[in-house]
Each structure stands twice: as C-alpha cells, then as structure tokens.
Amino acid sequence: MVAVPIEIAAGSDFIQLLTPEGERLENAEYPLDISAEEVRGLYRDLALVRRFDVEATALQRQGELGIWAQLLGQEAAQIGSGRALLPGDMVFPTYREHGVAWCRGIAPEKLLELFRGVNFGGWDPNQHNFALYTIVIGAQTLHATGYAMGMQRDGSEDAVIVYFGDGATSEGDVNEAFIFAASYNTPVVFFLQNNQWAISVPEERQSRIPLYQRAHGFGFPGVRVDGNDVLACLAVTRKALQHAREGQGPFLIEAFTYRMGAHTTSDDPTRYRLASELETWKLRDPIERVKAYLSRNGLADSSFYESVDAEGAELAARVREACLSMPEPKPLDIFDQVYAGGSPLVDEERAVYENYLAGYDHAEGGR
Amino acid sequence: MAGVAIARALNMGLRKALESDPKVVIMGEDVGKLGGVFRVTDGLQKDFGDDRVMDTPLAESGIVGTAVGLAMRGYRPICEIQFDGFVFPAFDQIVSQVAKLHYRSAGQVKVPIVIRIPFGGGIGAVEHHSESPEALFSHVAGLKVVACSNAADAFTMIQQSVASDDPVIFFEPKRRYWEKSELDTNAPLAEAVPLHAARVVRPGRDLTLLAYGPMVKTALDAAKVAADEGHELEVVDVRSLSPIDWETIADSVRHTSRCVVVQEAQVFMGVGAELAARITEKCFFSLQAPVLRVGGFATPYPPSRMEEHYLPDLDRVLDAVDRSLAF
C-alpha cells in the first residue's frame, strides 16, 4: 500500500520569521517586535532545555530513569509557544513538554520524578498552571477544552493551550475536543507539534491533508508555522491566544518540526527511518539559527555563549544530583490518595499489608 | 410525600444540588430542552440556564473528558450517559483519567464528577439499551460506584454523590424509573443514611438476600412470597458497590447464616462474585450453605422477547433460596 504523499510545508501557508540561516523575515499577519535582549533570552531557554534533555537521556542510559521522552529538535516549538503564555493561562501537556514546563517555572528535576518512577508528576498543577503530563494520547485535549469551558463560566480573560502530536490527531478524543471547542467557542489553543513520526509511523499514515487544514473542517482557524523557528512560534501563539482571549474561540497551530531523537529511550529509529532525513533536519536546527541571527547582527559575542554553556553545565549537574538523591517512596505510599474522601477497602488493604511487612521484619530479625 | 417516582426524585435531587452549589453543572445528550430521554433533567435548563445544564455534542468521551477539565477548574459536573451501552466510548476517560487523577496528582487535583447511567433491562429495548456494566466500574480503583433502588434513596444519594469529592458512577434502575415510593424532601441530608452504607430493607432470620438497583424490588417480592411459605428472608439493599459496606452485610449473614446474591448482570466475574468471596471470608463459621448467586447468563444481553428468561425473576430467586435452605 502506497502512502499518500503530502506536500511538505512551504510557501505562503508556512509561517517563518527566522530562516535556518538566521535571516529575519517579516510577516504582516504575525508581526513580532522583539529586542535583542529578548532574543538572547530565548537562546538561553533553548540551549538550557536541550542541555537538560541531554542530561536526562544520559541518566536513563545509566539506569537512573526507567525511560525518558526526548525533546531534542522540538525546543523552538515549545519555548516559542511557552514564552507566549501569560501567567493566568493554563497548559495541558503531553509527556514531552519539558520546554513548556521550563517556561512555567517548573524545576526541571521535578520532571524526572515521573520517569524515575517515584511518583506520577511532582508538581502542583494549580501552582504552575501546568497540568500533569498525560500519557494516554490525546486525552488531555478534552481536559483543556473543559477547562476552557470553566474559564468561560468564570468570566476569565485567560486562555488554555493544549499540546499534542501528529499521531494524536487520529484519536477520537482530539476530534471530539475540536467539536466541543468549536461548538462552545471555548478559549483554547490547540498546539500541534508535528514532529513527523508517531513512534515509527509517519505523518502520511495519519492524514491525507496537511494537519493544520483539519481546523477549517471544524470551523476554526488553523495555521502552519515553522516549528523550528522560535520567533514564529512565539508570534503565532501570541496571536492565537489573543484570538482566544477576545472570545473568538479555538485556534489550531501546527508547528512543523522534527523529532531528532527517538520516541523515547526505548525506541530505535534506525528501524524505520533513514539517517539522511535526520541530516536534512539538522540543517534546520532550532538553536543554530538563533545563534546565527545573534552573531550575524552582532547581538551576542562569545562570552554570551560561554556563559550560557556554563549555566547549562551547572543545570545538568544540579539535575543529576537531584535525580540521584531523590528519596525512594515507601511501600505503604501505594495506598495514599486513591480517594479524596478515603476508602475503607484501601484502608483495610493498607493495614493488612503493613502487618504483613511487619511480620517479615520480625521474622528476619529473629533469624 | 407519598408516591414519588424514582425519575422524579432524581430530578428533585438534581435541582437541590444545582441550588445549593453554583459550581454544579449538568451535561449530556438531550438533557436540556428535552429534559433527558427519561425526563430526569426535565425543567432544569429552563430554570438554571444553558451554562449550567448543557446539551452537549453527541460524544460520550467528549462529555466525560470535558467534565474532567471543568472539575480541574473547580466545577462539579454531573454527566448523563443516555444508556448503559453507550458509556463505553467514555470508558477510557473514566478509567484512565477520572479514576486516576487524584492519585496521580498526589491529591492535588480533585475530580468531583458524577456520571449518571440508567442501567439494566426489562423495558423491551433494542440492543445496547439494557446492560448492567457495574462490575466493570467497580473493578477500577479511584471510582466510587452506587446504585439506587427507590425514590428516597434516589433523592438523597444523587445529592450525596454530587457533594462527594471523589468521582461517583451513579447507576439508576431504568425499568423502575416510574415506580413510586415514599419521599420526604424535608429530611436533612446530613441525617440521611451515608452514601456508601448498605441498608436492611426487610428484616428476616432465615436467609439474607443481597440486591441492588432494579433487583431490590425483585428481592422484596421474593421475600413476601417466601414469608407465605414460612421463610423469613432478610433483604439488604447493597446500595454502594464500591466501596461495599461489609459490616451491614456480614452482620446480616452471620445472623441468618445463609445468603443469596441477586443481580441482573451476568453472574460470572460480577459484583456477586466479590460479595460471595468476602462473605465466605468474613462469615465462614456462621454459614450453613455456600453463598449462591442469581443473575444474568454468560451471554450478551438477549433480544428483548427473550429478556424475561435472562433477567432474574421471583421464581429464579426463590429457586436459589430453596437450594440454599435445603443445603
């Protein structure tokens, strides 16, 4: 069976403000007034989350994490959209939004707790306006839409952004979320990171048309942005959030990017894609182009890059130390927080198991 | 109030819930203008507006999934699933999201959602309209599961479920919707039987009949006939399937020494299996007969012209009672 080919993004429906060579483009619909200081800030974000991702991958390889979902290649999509958010906006991530978490002020080491297996997410979603990672594909798009329905009822001027991938667009929940969001005109931005691969399955198995065009069928705007262009992602997400805030309803952004790493550390991309594809995308690297822009315009010198590198090294060391010194959960923690109102069944099983463990200790001590 | 139908009692309970907390919202298919296909939400949208009583798009996963988001935002959604057999598109959201969010977030996210499901057969319906999926939900940690059997319980239990900070799967006995019973709407909710308590609805000394939802009436009918034959059956309305009130149930079985469980759902791997196993553990030295179960067969729910053979009726219950007594 031959997959239906898809026209790769290019031309007028592909929003780009910074070329891979670091050349700044203007776009009348998505203007971006940004200072050199702010661009240096974005560079720092991009470089630090990549450094963090490299460290987490290494920790998994050394057996300290059960698994790690790499962000490599998607830094611009996440930092650009993440920096477009206002404090009151609510984020619903997948399990790969380490860059967005960074923008929400979540300490990177907290992200490791899920992957080390000490809990299912170490942060308070309400404190950071950043929901827990969702592993079931696409399920969070409905939560985001419902949350936005709540915002409408509260008369809030905030908006919701929800992240998902190209594979998720085939899920029923994502399509139902589009329908509910359109029907109730909810303030939600659907941020689709099309990284080309749903584990081993390419985008063309999910869709015969460019994914951003799906939005039109549901009755709201959809655009495709260069997902490796942090400036374009920032400008487009700002505009989409503004659209939502103004009561104009949902908005779909397809950030066209590439998963440069494996799906997770358990995956082996050499089984399903060509090395040359990765080489092509390396030329569109999201960080290199910002560096090129800063350098060619004389907006940063080597001492700036050195200071970011040094900060990255410190971050990596801190994350490693935090990972290795993470407290082990205790066996009876299993029984905590199953229910808000408690449960006699859970209480009984906890007591029985506690008693069982105590008997074991006693037997060992007696030997 | 004498003679209030279960559907009406639910409607009155929902109205109370909407009145007492502005964060309570009702959402589902046809719950607004139509008032629900069983009229359980009749008149509520008119009185509380369509922000609080929402006709949703026709998508069950969408209903429950957006309810999760509303709950995260501080709302207390009541979702109506139109029929038992239509809950399965929402099963993923219920099992993987609704049930687990409190646990996953170490208690930081509460999910006070009520999912109302009319369940059971006996109404001559087409397929997917007569099922009893309660065991599937009772098997999921993080969910609470209850079933009402009369107007008074319907009125209080729906309000208690809405007030619960945990998600509650609320089963309504579809074929009993129009049966009337006593209801005192002025009785304080705080003094009502707790949501997760079982209740002895007919005392007796010879055998305990355990039932819930639509089968409570069948069990009571059976107990009346048995009384004519000289056997005093104690009928316990289990009411809460997760958690289960073992104290009330075990007290009854220790007292009578025999037990028959009645359910519409298929017997194999059903709620009755859990009841039988735990009763055996807790009441082993009091039992004079194994716990017997009466329920549906290990078949899909049949076409309606055969359903009277599938559904436990008075005779099948009494047959099991006789077998237990003869043991």
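This is a predicted model: local features need pLDDT of at least 70, side-chain atom pairs count only at pLDDT 80 or more; totals for chains, interfaces and linings use all residues.

Residues are numbered from 1 along each chain as its sequence is written, while chains are lettered from A and ligands numbered from 1 in the order in which they are written.

**Stop 1: chain B**

You'll find twelve helices and 14 strands; helices (H or I, at least four residues) and strands (E, at least two) are DSSP runs, numbered from the N terminus. The radius of gyration of chain B is 19 Å, close to the 20 Å from the globule rule for 327 residues, so chain B is as compact as a globular protein of that length. (That radius is taken over C-alpha atoms, and the rule is 2.2 Å times the number of residues to the power 0.38.) Along the principal axes, the C-alpha atoms of chain B fill a box of roughly 60 × 40 × 40 Å.

How much of chain B counts as buried? The share is 57% of the 327 residues. Here a residue is buried if 20 or more other C-beta atoms lie within 10 Å of its own, exposed if 12 or fewer, and partly exposed in between, with C-beta atoms placed from the backbone. Contacts have a cut-off too: two residues are in contact if their C-beta atoms, placed from the backbone, lie within 7 Å. Among contacts in chain B between residues at least 6 apart in sequence, 79% join residues at least 24 apart.

**Stop 2: the two domains of chain B**

Colour 4-191 of chain B one way and 199-326 another: these are domain 1 and domain 2, with bounds from an automatic or database domain assignment. Their centres, taken over C-alpha atoms, are 26 Å apart. Where they meet, 24 residues of domain 1 of chain B are in contact with 20 residues of domain 2 of chain B. On the domain 1 side, α6 (134-138), β6 (144-147) and β7 (168-173) of chain B each give two or more residues. The largest share on that side, four residues, comes from β6(B). By class, this side has nine nonpolar, eight polar and seven charged residues. (Ala, Val, Leu, Ile, Met, Phe, Trp, Tyr, Cys and Pro count as nonpolar, Asp, Glu, Lys and Arg as charged, and the others, Gly among them, as polar.)

**Stop 3: where the chains touch**

Now show both chains. The contact takes 33 residues from chain A and 34 residues from chain B. On the chain A side, α5 (125-128), α6 (139-154), α7 (172-184) and α13 (344-366) each supply at least two residues. Which helix gives the largest share of that side? Pick α6(A), which brings eleven residues. The chain A side divides into 17 nonpolar, twelve polar and four charged residues.

Next, select helix α4 (residues 91-98) of chain B, where Gln93(B), Ile94(B), Gln97(B) and Val98(B) are buried. Look down the axis of α4(B): the buried residues fall within an arc of 115°, so they line one face of the helix. (The arc is that of the directions from the helix axis to the C-beta atoms.) They pack against α6 of chain A, together with α3 (60-72), α5 (101-104) and β5 (114-119) of chain B.

**Stop 4**

Pro243(B) is found in the loop between β12 (240-242) and α9 (246-256) of chain B.

Then select Met269(B), which has a positive phi of about 65° although it is not a glycine. This residue is in the loop between β13 (259-266) and α10 (271-283) of chain B, and Met269(B) is partly exposed, with 13 other C-beta atoms within 10 Å.

Finish in chain A at Ile199(A), which is not a glycine but has a positive phi of about 50°. Look for Ile199(A) in the loop between β5 (197-198) and β6 (201-202) of chain A.
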